[in-house]
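Subject: Structure handover

Hello,

I am passing this structure on to you. Please have a look at it first, then read my notes below.

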Amino acid sequence: MMEHVITAAESGRRLRDVLRQVMGVSYSAMKSAKWDGRITVDGVATPVDAFVREGQLVRIRFKEAAPVYEVKPYHIPLVIPYEDEHLYVIDKPAPLASQSSLNHPDDALENALYAHLGCPTDFIYRPVNRLDKGTSGLMIVAKDAHAQHRLQKMLHSDDFARQYLAVVEGTLPARSGVIDAPIGKEDAASIRRLVRDDGKPSVTHYEVLEERNGRSLVRLRLETGRTHQIRVHMAHLGCPVCGDFLYGTELAELPGRFALHSHELTLTHPLTMEGLHIVSPLPEKLRALLG
């Protein structure tokens, strides 16, 4: 549910404009809610083309669809450094898939969160940013469709900034730089991506923090969110992420994962407007790669 008290500046506007432009409700959510009385003004179901006045309380209740598949519990410890009524920030371990699938029907973060919450009957998994199975670190899961919609609109903006840490092979060409290189699929049947002229625009900022043992610790920030973007861009520079079995060389000391970690999240909360800053330290097994 979401509430808003009409201000003097908003008085005289249509309810639908307040819902869409002020409260940020998606068109599909507003359309669904208006047909069954889930949009009210001062407690009375109200058409969205009605005009509102200063001081009135607008309320919309969001209807959640039932899960279309059975979720199986996966009992592993979860670290959740932040939670409120709208979202979770989860420190995802690796290797662990972000979402259940044919390859991971019952051993993904989705299943782990379901188990962590006590297997609620109304559980719906709403990830905002997904991490590869082999990537660890901070990931947001929304608690309702409206929060998910608002958060996904913020991705790759200054209001939703994420930084990654990676241990890569070799030495980068400069201490810091911007990789502006389009990424596309290797071919229709492959999951691999490549830098290619006909790919989608892809921009990664990097900064070298340490160089030791023939490897580099790099901080990275994405302007775009292409599949495998950091992994592809690092390999393109001749410095693949350590342990990356798809774009580099698998390492026995990193079974099932590679040295990429979602390290820092700076977020303007889309509903409370609170500033959030959450940090997850680089796992020791990744730091150990630097010797």
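Predicted model: local features only at pLDDT ≥ 70, side-chain atom pairs only at ≥ 80, totals over all residues.

C119 has a relative accessible area of 29%, so it counts as partly exposed.

C119 sits in the loop between helix 3 and strand 7, the latter covering residues 126–127. Its backbone stands out too. Phi of C119 is near 55°, a positive value in a residue that is not glycine.

D42 also has a positive phi, near 55°, and is likewise a residue other than glycine. Look for D42 in the loop that links strand 2 (39–41) to strand 3 (44–45). Its relative accessibility is 47%, so D42 counts as partly exposed.

There is a cis peptide bond to check as well. The bond joins A94 and P95, with omega at about 0°. P95 belongs to the loop between strand 6 and helix 3.

The largest nonpolar core has 42 residues. Those touching the most other members are L113, V168, L172, L220, M234, V241 and A259.

Leaving out residues up to four places away in sequence, L172 touches Y206, V208, S216, V218, M234, L237 and C239.

Last, I179. You will find I179 in strand 10, residues 176–180. Is I179 buried or exposed? Its relative accessibility is 6%, so I179 counts as buried; the cut-off for buried is under 20%. Beyond its neighbours within four places in sequence, I179 contacts S202, V203, T204, Y206, H233, M234 and L237. Y206, M234 and L237 are on the contact lists of both I179 and L172. For a distance to check, take I179 and G199. They are 20 residues apart along the chain, and their C-alpha atoms are separated by 14 Å.

Best wishes

How values were computed:
Residues numbered from 1 in each chain as written. Heavy atoms only, no water. Helix = DSSP H or I, 4+ residues; strand = E, 2+ residues; numbered from the N terminus. Buried < 20%, exposed > 50% of the residue type's maximum accessible area, 1.4 Å probe, protein only. Contact = heavy atoms within 4.5 Å. Core = buried A, V, L, I, M, F, W, Y, C linked by side-chain atoms within 4.5 Å.
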